[in-house]
Amino acid sequence: MARILYGRSTHSNEVKEICKCLELSDIQLRDVMVRFEQAFQRGLNPATASNAAVKMLPTYIRAVAVGEERGEFLALDLGGTNFRVLLITLEGHGRSTMRSKIYRVPDHIQKGTGPALFDHIAACLAKFMQEHALIGRPKLPLGFTFSFPCEQHGLTSAMLSSWTKGFNASGVVGEDVVQLLRAACIRRGVDIDVVAVLNDTTGTMLACSFFEKYCYIGVIVGTGCNAAYMEKLENVPKLHGVSPIEDGLPPEMCLNTEWGGFGDDGALDEYLTMYDRKLDKHSINPGRQRFEKTISGMYLGELVRLVLEDLTRRGLLLSGDMERISDPGCFPTKLVSDIVGQTVNEDNEPFGRIEEKLQEIGISNSSPSDCANIAYVCSLVSARAAHFCACGIAALLNRMQRPNVTIGVDGSVYRFHPTFKHLLDAKINSLVDQQYKFILVLSEDGSGRGAAVNSNFASFFRVQYAHNMMNLLLEAVKKQELNVLDRFQLADDLYALVRSTRVPASHFLEFLNVCREEDDFFVWAAISSALGDIGYVLGHLEDGNALEDRYNRFVCSVIEPVAAKLGWEPREGEGMHASRLRAMLLGRLSRSKHRPTVETALSKFNAHVTEGVQLVPDLSRTIFVAAARSNDVQNVSALKHLMETANYSVVELNCIAALGQCTDTELLEKNFHYGVFDGKIRDQDLDLLFASAASAPKASSQQFVWNFFKQNVDLLLQKYGGVNTMLFQDCLKSVASGFCSSAMADEFEEFLEKKLDEHSLKTLDRPIRQVVESIKLNERLLKHTVGDLDCYLQKMGF
């Protein structure tokens, strides 16, 4: 389909000729396979292993799962910009259950120091354990999925060989990551029992083997690209001290190939293009992970952008307009997937949809011919990625010589790219020796379940300081004698303890009170989140307006001088974090009904609407929300007009979020009618309207959203595509999670039991339990907070 679209292009011949370098014949791909096998051998040979591009690292895992493993395990998964903590129960008979939570790994931590990185991991562990009531229970075994090149010396020892995927934390390369994790947990008073360390590729294979027979290969095609497989010990001459005769274990071992480095020694140079070389030159790790840079989600979008930039420079695209396409990083891999998806659907006129996608990233001058050419480039780069990946898998299949092999695959590119799986499967089939049969299977959550399975082969808590120690820490925070990470963790810990009602909410306000000189975005992010939660539950008091008002005045008294230093306008040379901090603090002041902030926001909104005065981009949502909360009909109409005429999706989304913040129920009802029934808001964006309204300052807004959901659940199921979609489940959680009474938890469950069939209820079991747990936590927090805050605010003069 991509070639048919391309045939409509006015520049087809020129573009096709330039892009020939991205097409590889089966003869060339088989040559790549030969080079792969040579790279495998160099990685296994003790004489060449230390300098080999493909490391072939032993994992000390001697068998795959059989599906009968049982027990409860913790798993940690670090392999990209997100970090997960999981609680997994293996039930035998190929069954398992899992609870997990995702935590962000901020860019400054990824590129900071090793201790800061592992302290962040330990903080996430502690938070998860607190939230899942695992404190005080018998210590569970823990599997650590660490998805970076490591040299393992045993199941619980892994030395980092090099960072990949944009990470570059200092002091970690050459160190044992298990020991670094243990040290960080000791610093936080967290007692852990790491029984296995593995990477995500190994975990993918193990997780798949729990459900599928003959799974001997695991592949990741996501942020990075890698493979692991089961190798006969006799074929690993560099491995010493392992004897199946002596230990009684199977005569094989899982090897982590780390094939992302294939080509780092020049083996791929013949097949790399000028676009590959330019991408590599400007990457965080030039000369390394050359094979991964042709396939993984971290690089595919940028690779496409470089091709498009070259075509534009030659005058073959976008009328030669270089302004946006020359910005590194402006063309994400998700956009590549979306555009390819348009070329394979049944839409006879996909150009308009592709043009919309391009406009979302600021490319507003594309013609149908441009759209066809861009789709062609996206399809070519995607196909080459799948074909390169197929070379590696086919080389492993030929090497293993097993008659039947299941290949467990995971990763965002494999999961979400519309043609990658088909291209991969077809090309492996054409390259592999036909006597070897294979199937590709999506490995569900390999990096989590795989760690649990491996833990089968082979308790955390927050820090609650004594009163005198806390006073010393507060004094240190006030004088900024603690480093940023310690201040952040103190805020994060303290609120987790407040949320669980282990310490009074007044303790957190004491912490806030000493932060009048705080200027770090991440510390304030932790503070602001906590302030929002406390203020939200106070809004659910039937007679709580007076207490809520006193609370807001206290919050404003602390934040106002900090926000005043930042002002409303960016300053020359200020960093991204200063801009984000300004938006956060002004947003918090506006929500806390700080009159000068609200008045300034409304004045800027009026100037923007009537005179076209441009807004500071980071402040647009704060200003739009203030306009909506004014409950002024003209302001709401202006927001709708801005949304309908927006050139950028971020403006449209900010308008949608603002429309949900109207606190007048009649006006809110009109906004929902406008978005849902009139179809003015796209179905995929409706969850933002629901979530925004549910989080509005008045409890009546939460009640309205819940009532609207009940009355229109059939329509919402139709719009979202059923109960198993993430959009519907997110909507379900947002419409009820904010309630603060057990009676509402009961109503929520009773409504769903009457409305949905047994299969749907089973699908929604986890989201339903999450909502009920959230409501009960809110109820408990509200109960423990009212009297405590009343006394504290009175003591502080509010």
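How many nonpolar, polar and charged residues does the lining of the largest cavity have? The legend to Figure 1 gives the count, and the legends describe a predicted model.

**Figure 1. The largest cavity and its lining.** The volume of the largest cavity is about 140 Å³. Its lining is made up of 13 residues, and those closest to the centre are Gly535, Glu548, Asn552, Arg588 and Arg591. Three helices, α20 (521-538), α21 (545-566) and α22 (576-591), each give at least two residues to this lining. Sorted by class, the lining has five nonpolar, four polar and four charged residues.

**Figure 2. The second largest cavity and its lining.** The second largest cavity holds about 100 Å³ of space. It is lined by 16 residues, of which Ser147, Lys165, Asn226, Glu258 and Glu292 lie closest to the centre. Two or more lining residues come from each of α7 (200-211) and β10 (225-232). The classes here are four nonpolar, eight polar and four charged residues.

**Figure 3. A salt bridge between glutamate 518 and arginine 487.** The two side chains meet at 2.7 Å, N to O. Glutamate 518 sits in the loop between α19 (505-513) and α20, while arginine 487 belongs to helix α18 (residues 484-499); the partners are 31 residues apart. Glutamate 518 has a relative accessible area of 2%, so this residue is buried. Arginine 487 also counts as buried, because its relative accessibility is 4%.

**Figure 4. A salt bridge between lysine 101 and glutamate 131.** The distance between the side chains is 3.0 Å, N to O. This pair joins distant parts of the chain, with lysine 101 in strand β4 (residues 95-104) and glutamate 131 in helix α5 (residues 114-131), 30 residues apart. Lysine 101 is partly exposed at 27% relative accessible area, and glutamate 131 is partly exposed at 42%.

**Figure 5. A salt bridge between aspartate 107 and lysine 111.** These side chains meet at 2.7 Å, N to O. Aspartate 107 has a relative accessibility of 46% and counts as partly exposed. Lysine 111, at 40%, is likewise partly exposed.

**Figure 6. A network of salt bridges.** The residues linked in this network are Lys278, Glu302, Arg305, Glu309 and Arg313. The model has 38 salt bridges in total.

Figure 7. The average pLDDT of the protein is 85, and 90% of the residues score at least 70. Residues 1-10 stay under 50 and have 27 contacts beyond four places in sequence. Residues 446-462 are also below 50, and this stretch has 87 contacts beyond near neighbours in sequence.

Methods. Residues are numbered from 1 along each chain as its sequence is written. This is a predicted model: local features need pLDDT of at least 70, side-chain atom pairs count only at pLDDT 80 or more; totals for chains, interfaces and linings use all residues. Side-chain values use heavy atoms; hydrogens and water are left out. On a 1 Å grid over the protein atoms alone, a cavity is a set of points where a 1.4 Å probe fits but cannot get out, and a pocket is an open set with protein on both sides within 12 Å along at least five of seven lines; lining residues have an atom within 4 Å of a point. Grid points are joined across faces, edges and corners, and a volume is the space filled by probe spheres set on the points. Helices (H or I, at least four residues) and strands (E, at least two) are DSSP runs, numbered from the N terminus. Ala, Val, Leu, Ile, Met, Phe, Trp, Tyr, Cys and Pro count as nonpolar, Asp, Glu, Lys and Arg as charged, and the others, Gly among them, as polar. pLDDT is the predictor's confidence in each residue, from 0 to 100. Contact means heavy atoms within 4.5 Å. A salt bridge is a side-chain nitrogen of Lys or Arg within 4 Å of a carboxyl oxygen of Asp or Glu. Buried means under 20% relative accessible area, exposed over 50%, partly exposed in between (1.4 Å probe, protein chains only).
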